[in-house]
Each structure stands twice: as structure tokens, then as C-alpha cells.
Amino acid sequence: MAALPPQAEARQLNDGYVTLSQLFQGGVTRPEARQRVASRSTSTTRRIVAYRTNKKPGSIVIDTSERALYYVMPGGKAMRYAVGVGREGFQWSGVHRVSRKAEWPRWTPPPEMRKRQPGLPVTMAGGPGNPLGARAIYIGSTLYRIHGTNDPRSIGRAMSSGCIRLMNNDVIDLYDRVRVGARVYVYH
């Protein structure tokens, strides 16, 4: 598992937390990935954490190995969200910008995905049954998005085709914070 780069350090300030890996995989990881046990059953997994980084406020830092997305805030803080990430063979890393945002986005699975999963629609209108959830934040010119989900089982796991998933309440919160043009750093 890759660690966050040395310039980034997240630290939970309260007791009573376990890591997402402990919740979902039974393993133990570094303290940066701490998540309150009770939040597994709630509709939100976000919280403000102390976060030292050289990234500008308004940037997004995604640590896929820890299943965490950090929205960098001023004053050494970040909003930390628990996320689902790409499964084996669909992990990626890089630096991009938010290219656009959409509310209740239309989903058009790429041909490669439809080939792997016969029966997928060519396109699906936005709405509660759409796999992209309530909001989508498009990452550069990639096929990947940061988007919502109604499936809490996917949070903290590697099960997507490369997109970053947040609970719908969390992606709405992030959508309202992030601006088109913001940097997105993805570390695997």
C-alpha cells in the first residue's frame, strides 16, 4: 500500500476511532485513516481533520490506499471523506483539475465497461437510481469522476471501475465546496 507523500499528514484529534481498513478489511493501518465506528451506519462519513500539506486550499487530495478524500481548507485543516475507489486493475494516480460539475448527472458507461458488463444501458438519465448518484465532479479529460452513491457497502472498498465514490450526502457537501479548475491529486 502506498502512503501519502511526506508533505501531507492527516491526524484525527479525538479518541474512539478505528481505521477504515479495520472496519472493512480487518487490517490495521496508520492513524491518518481513522473513522468513527458509528459512522459506518450513517449517511455521512465526513469530518474536519488537522491536515498539513503544501497543496492550496480548495484542492482535493485522494489517498486511494486509505480510501480517503481530503478537501484542503485554510489553517492546516481538511474536510476528510471516506470513499470507494477503483478495484484491482482499475487503480490510477495523477494530477488533474476539476473540469466540470453536474447535479444528478446522466450516466453513459464507456464502451469498454459495457463490453465487460453486458446489459448495461447505453445511457441513463440522472436520478436516484443512477449509479453516479446526486452529484458528479469530473476529473480533467479522464473517464473518471468523483461521484455519489446510495450504496454504503461500496465506501471504504475498492470496487469501482476507477471512479471515486462518496455517499450522496458527502458528494453534495464536496460539490458545494469545490470549484471548477481546482487541482485533484490522486495517490495510489
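Biologist: Is Met124 buried, partly exposed or exposed?
Modeller: This is a predicted model. Met124 is found in the loop between H2 and S10. Buried would need under 20% relative accessible area, and exposed over 50%. Met124 has 27% relative accessibility, so the residue counts as partly exposed.

Biologist: Which residues is Met124 in contact with, leaving aside its neighbours within four places in sequence?
Modeller: Contact here means heavy atoms within 4.5 Å. With those neighbours left aside, the partners of Met124 are Arg106, Trp107, Gly129, Asn130 and Pro131.

Biologist: How many Å apart in space are Met124 and Pro105, C-alpha to C-alpha?
Modeller: In sequence, Met124 and Pro105 are 19 residues apart. In space, their C-alpha to C-alpha distance is 9.0 Å.

Biologist: Which residues are the closest to the centre of the largest pocket?
Modeller: The largest pocket holds about 450 Å³ of space. Its lining counts 23 residues. The closest to the centre are Trp107, Met113, Arg145, Ser161 and Cys163.

Biologist: Which element gives the largest share of that pocket's lining?
Modeller: Helix H2 (111-116), S11 and strand S12 (158-160) each give two or more residues to the lining of the largest pocket. By type, the lining divides into 10 nonpolar, 8 polar and 5 charged residues. The largest share is 4 residues, and it comes from S11.

Biologist: Why is the pair of Tyr51 and Tyr70 stacked rather than edge-to-face?
Modeller: The structure holds 2 aromatic pairs. In this one, the ring centres of Tyr51 and Tyr70 are 4.5 Å apart. Stacking needs planes under 30 degrees apart. The planes of Tyr51 and Tyr70 are at 20°, so the pair is stacked.

Biologist: Which strands does the pair of Tyr51 and Tyr70 link?
Modeller: Both tyrosines, Tyr51 and Tyr70, are buried. They sit 19 residues apart, in distant parts of the chain. Tyr51 is in strand S4 (residues 47-52) and Tyr70 in strand S6 (residues 68-73).

Biologist: Is Tyr144, the partner of Trp92, buried, partly exposed or exposed?
Modeller: Trp92 and Tyr144 are stacked, at 4.7 Å centre to centre with 10° between the planes. They lie 52 residues apart, Trp92 in the loop between S8 and S9, Tyr144 in the loop between S10 and S11. At 12% relative accessibility, Trp92 counts as buried. Tyr144 has a relative accessible area of 22%, so this residue is partly exposed.

Biologist: Over the face of which residue do Lys101 and Arg135 lie?
Modeller: Lys101 is at 4.4 Å from the ring centre of Tyr175. Arg135 is at 5.4 Å from the ring centre of Tyr175. The ring in question belongs to Tyr175.

Notes. Residues are numbered from 1 along each chain as its sequence is written. This is a predicted model: local features need pLDDT of at least 70, side-chain atom pairs count only at pLDDT 80 or more; totals for chains, interfaces and linings use all residues. Side-chain values use heavy atoms; hydrogens and water are left out. Rings of Phe, Tyr and Trp (its six-membered ring) pair if their centres lie within 6.5 Å; planes under 30 degrees apart count as stacked, over 60 as edge-to-face and the rest as tilted. Buried means under 20% relative accessible area, exposed over 50%, partly exposed in between (1.4 Å probe, protein chains only). A charge sits over a ring if NZ of Lys or CZ of Arg is within 6 Å of the ring centre and within 35 degrees of the ring normal. On a 1 Å grid over the protein atoms alone, a cavity is a set of points where a 1.4 Å probe fits but cannot get out, and a pocket is an open set with protein on both sides within 12 Å along at least five of seven lines; lining residues have an atom within 4 Å of a point. Grid points are joined across faces, edges and corners, and a volume is the space filled by probe spheres set on the points. Ala, Val, Leu, Ile, Met, Phe, Trp, Tyr, Cys and Pro count as nonpolar, Asp, Glu, Lys and Arg as charged, and the others, Gly among them, as polar.
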